[in-house]
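Have a go before you read on.

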Amino acid sequence: MILGSHCSLKAPDYFLGSIKEALSYGANTCMVYTGPPSNSKRKSAEDFKIEEAQSLMKKNGMAMEHIVIHAPYIINLANSKKPETAQFGVEFLKEELKRVEQMGAKILVLHPGSHVQAGADIGLEWIVRGLNEVLKEDESDVKIALETMAGKGAECGRTFEELAYIYQNIEKKERIGFCFDTCHTWDAGYDLNDFDQVIQQFDEILGIENILVFHINDSKNPLGAHKDRHENIGKGYIGFEILHEIVHDPRFENVPKILETPYIDSKAPYKEEIEMLKEM
């Protein structure tokens, strides 16, 4: 089982500190942002202590291909109402792919974007245009994992069909995969009580071989709420049994699974939740 959580990346140890944090939780993977998710301020990847982090990973049996990087929320390729915002996202994503490659990671999770009330069809077209521009000259082997979204506000990617439209129109399809977020998928209206049926639907539309990472989160809201509010494992509407079933599904044994659950009393719950989910 490849199981970990979101970990911080901050001074003075940066990526080395992220790996130390993951190991303290009993994890064998982790997900990090290369800087604050809500702004564009970034340190040079040369400051990240990458070699030290990779050495520590090797000593503890962590594989670099299982490390996940999450792109910041400020990237919105779908914003046709402010083309300059969409173009900023394109340029920032190009640089983010370079940072991910420098770190040695292979997966970059990306929220598809918000059409800001211009309509989903227009938003999806702009996402396709932006991703094709980003990938046109990028020769790395980093894959962009488009995340399944809850459908709050004007989010694109709320259905498997919307994600399929993006995928089908990407020129370098080998560079695109998906991040299956359990809270988002549940909030979007996919009933995970029948996980096999949901995965069958996903497979028919997107192909389960294209799932690059899972976000394992419970939900504070009932099925189809379109709210996107994560809850701790076993304390929400999805429930422990379903999430436990997902992380133990043999079809996804080698797919990284990342917890993004809320802190409890200002303390990360990941060590306890990872132990819970590992139990047979």
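**Exercise 1.** Find which ring faces Arg 99 and Arg 129 lie over.

Solution. The model is predicted, so local features need pLDDT of at least 70, side-chain atom pairs count only at pLDDT 80 or more, and totals for chains, interfaces and linings use all residues. Residues are numbered from 1 along each chain as its sequence is written, and side-chain values use heavy atoms, leaving out hydrogens and water. A charge sits over a ring if NZ of Lys or CZ of Arg is within 6 Å of the ring centre and within 35 degrees of the ring normal. Arg 99 lies over the face of Phe 92, 5.1 Å from the ring centre. For Arg 129 the ring is that of Trp 126, with 4.5 Å to the ring centre.

**Exercise 2.** Classify the pair formed by Tyr 167 and Phe 178.

Solution. Start with the cut-offs: rings of Phe, Tyr and Trp (its six-membered ring) pair if their centres lie within 6.5 Å; planes under 30 degrees apart count as stacked, over 60 as edge-to-face and the rest as tilted. The whole structure holds 14 aromatic pairs. In this one the centres are 5.8 Å apart and the planes meet at 55 degrees, so the pair of Tyr 167 and Phe 178 is tilted.

**Exercise 3.** Are Tyr 167 and Phe 178 buried or exposed?

Solution. Buried means under 20% relative accessible area, exposed over 50%, partly exposed in between (1.4 Å probe, protein chains only). Tyr 167 has 19%, so Tyr 167 is buried. Phe 178 has 0%, so Phe 178 is buried too.
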